[in-house]
Amino acid sequence: MKLIPGIHAGRRIASAAALLSLAIVGAAPAAGAESANLARYISGTLVIETNDYEPGFWADDEHCRQTIRLSRPVTGTVSYRPNAKCGGEIRTEVFATHKLVSNGNILTTGRVDFYEGATSNTNELSHSVAYQFYLWAGQSTQYKIKVWNFREGQPRDWALVTYNVSNA
């Protein structure tokens with residue numbers, strides 16, 4: 001599999017244990033550091049871009065883009081689950097959790113599930129990627145996760161999830 005710099009391309013997750021075995025992007029906060037008592041504020045966007053491959057030289061692929069504004073205080077743990085539909089056959093779900101850890105840093109964890117079937121309400125999971133990254137206090141970052149339709153061997157069906165976030 002060819003990797004594109006800056007994009008995490010995982011394989012289908014088979015179990016909860018596999019989720020826990022994923023590497024952390026960036027170093028963890030120093031051991032023994034105390035959790036900050038002050039609330040932090042995460043802001044920015046979560047962009048879900050999707051391509052639905054349409055076979056045949058006469059058909060154009062359907063390309064969709066949905067931007068979700070993120071603007072919320074993080075005093076402990078906050079979770080949400082946005083989704084985007086494309087082409088009448090594809091749904092991308094993002095499970096996201098932001099947890100306040102030591103010194104005002106925020107640990108972001110989650111999973112991107114990519115579904116394709118006869119309708120966008122399908123339960124046919126084609127690919128799933130777990131992710132995890134730190135958002136350091138006072139910093140901004142961009143983090144990308146890409147998923148493909150591995151179940152049907154169709155790499156032109158894909159979703160790219162991009163976090164553009166800051167921790168204030």
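## Surface and burial

The accessible surface of the protein chain in this predicted model amounts to about 8800 Å², and carbon and sulfur atoms account for 51% of that area. Of the 168 residues that make up the protein chain, 43% count as buried.

## Secondary structure and contacts

When contacts in the protein chain between residues at least 6 apart in sequence are considered, 58% of them join residues that are at least 24 apart.

## The disulfide

One disulfide is present in the structure; it is formed by C64 and C86, whose sulfur atoms lie 2.1 Å apart. The link between C64 and C86 is right-handed, with 80° about the S-S bond. Because C64 belongs to strand 3 (residues 62-74) whereas C86 belongs to strand 5 (residues 83-86), the pair ties together parts of the chain that are 22 residues apart in sequence.

The two cysteines can also be described by their accessibility. C64 has a relative accessibility of 23% and therefore counts as partly exposed, given that the buried class is limited to values under 20% and the exposed class to values over 50%.

Definitions and conventions: Residues are numbered from 1 along each chain as its sequence is written. This is a predicted model: local features need pLDDT of at least 70, side-chain atom pairs count only at pLDDT 80 or more; totals for chains, interfaces and linings use all residues. Side-chain values use heavy atoms; hydrogens and water are left out. Buried means under 20% relative accessible area, exposed over 50%, partly exposed in between (1.4 Å probe, protein chains only). Contact means heavy atoms within 4.5 Å. Accessible areas come from the Shrake-Rupley method with a 1.4 Å probe; for residues, only the protein chains shown count as cover. A disulfide is a pair of cysteine sulfur atoms within 2.5 Å. Helices (H or I, at least four residues) and strands (E, at least two) are DSSP runs, numbered from the N terminus.
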